[in-house]
Amino acid sequence: MGNFSAKVNKFNDIFVNQNGYVTVLNGLKNTLLIAVIGLLIGFVIGTLIATVRVLPKYKRLPRVLNGICSFYVALFRGTPIVAQLLVFYYVLFPLIGVRMTGVQVALLVFGLNSGAYVSEIMRSGIQSVDPGQMEGGRSVGLSFKTTMLMIVIPQAIKNILPTLGNEFISLIKETSVVSFVGALDLYMAFNYIGSNSYEFMVPYLVMAIIYIILVLLISLGIKLMERSLKKSDRRN
């Protein structure tokens, strides 16, 4: 017990007296930023890909676009996100002369990676909507694009909301790999405290607790959104 108290004291010294909390707050900010922006980028990309993949394949252009989208999804789902980070940061961007910080690269890569997963989530959501919704929209003179944006996709989002929440939780946890490109995240912040105190047990325990709290808050938020949507459906 006394040994554990000594570990806690070392942690408090770095965290409070030496302003380690500032590093942790910056790491937490970057973790949330990468996950939130990554999910937003992924949602936009995923929705576009899902729309392309449910298009009728009677003409050549939809077939070509479907092939491109299928390759994109296979590429980003078939390679580890840490490999994608390393390739973009150390290979691709230097080759084309683009300079980006580790956080900026992480935002882009997490968005592209999330887009591949969200596309499959959104595609299943679109396919879960009654086909009569599309037929009804087209029958009153709406274009395919308008019907999809105004009628089908909003209903699909309701159906896939829990799965999107799971994707957000996955992004939160996966941000721990952005340290490979020098970005400060929650893991990197607590690793900094551990390195300076030569004691990693307490910093990593606190880090795990913060991750658990984040996941619980996200899960609660998703449940509240689902409850709100169900109430609106009953009113309608």
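The following questions and answers explain how terms are applied to this predicted model.

Residues are numbered from 1 along each chain as its sequence is written, and side-chain values use heavy atoms, with hydrogens and water left out. Because the model is predicted, local features need pLDDT of at least 70 and side-chain atom pairs count only at pLDDT 80 or more, while totals for chains, interfaces and linings use all residues.

Q: How do you know that the span of helix H3 agrees with its number of residues?
A: Helices (H or I, at least four residues) are DSSP runs, numbered from the N terminus. The expected span is 1.5 Å times one less than the number of residues. For the 19 residues of H3 (residues 60–78) this gives 27 Å, and the end C-alpha atoms are 27 Å apart, so the two agree.

Q: Why is Pro62 called buried?
A: Buried means under 20% relative accessible area, exposed over 50%, and partly exposed in between (1.4 Å probe, protein chains only). Pro62 has a relative accessible area of 14%, and is therefore buried. Pro62 is in helix H3.

Q: What makes the buried residues of H3 one side of the helix?
A: The buried residues are Pro62, Cys69, Tyr72, Val73 and Phe76. They cover an arc of only 95° around the axis, which puts them on the same side of H3; the arc is that of the directions from the helix axis to the C-beta atoms. The face turned away from this buried side carries the exposed residues Arg60, Ile68, Phe71, Ala74 and Gly78.

Q: What covers the buried residues of H3?
A: The cover includes helix H2 (20–54), helix H4 (81–96) and helix H5 (102–128). Contact here means heavy atoms within 4.5 Å. For Pro62, leaving aside neighbours within four places in sequence, the contacts are Pro56 and Lys57.

Q: Why is the pair Lys7 and Glu199 called a salt bridge?
A: A salt bridge is a side-chain nitrogen of Lys or Arg within 4 Å of a carboxyl oxygen of Asp or Glu. The closest N and O atoms of Lys7 and Glu199 are 2.8 Å apart, so the pair meets the definition. The pair links distant parts of the chain, 192 residues apart: Lys7 is in helix H1 (residues 2–17), and Glu199 is in the loop between helix H8 (186–197) and helix H9 (201–235). Both Lys7 and Glu199 are buried.

Q: What makes Arg53, Glu120 and Arg123 one network?
A: Glu120 and Arg53 meet in a salt bridge at 2.7 Å, N to O. Glu120 lies in H5 and Arg53 in H2, so this pair ties together parts that are 67 residues apart in sequence. Glu120 also forms a salt bridge with Arg123, where the closest N and O atoms are 2.9 Å apart. Since these salt bridges share partners, they join Arg53, Glu120 and Arg123 into one network. The whole structure holds three salt bridges.

Q: Where do Glu120 and Arg123 lie?
A: Both are in helix H5, three residues apart, about one turn of the helix. An α-helix has 3.6 residues a turn, so residues three or four places apart point the same way.

Q: Why is Arg123 called partly exposed?
A: The relative accessible area of Arg123 is 23%. This value falls between the limits for buried and exposed, and the residue is therefore partly exposed.

Q: How do you know that Thr175 is buried, and what is in contact with Thr175?
A: The relative accessible area of Thr175 is 0%, so the residue counts as buried. Thr175 is found in the loop between helix H7 (144–174) and H8. Leaving aside neighbours within four places in sequence, Thr175 is in contact with Thr31, Ile34, Ala35, Phe110, Asp185 and Tyr211.

Q: Is Ser114 buried or exposed?
A: Ser114 has a relative accessible area of 0%, and is therefore buried. Ser114 is in helix H5.

Q: Why is Asn19 called partly exposed?
A: Asn19 has 43% relative accessibility, and therefore counts as partly exposed. Asn19 lies in the loop between H1 and H2, and has a positive phi of about 60° although it is not a glycine.

How values were computed
Helix = DSSP H or I, 4+ residues; strand = E, 2+ residues; numbered from the N terminus.
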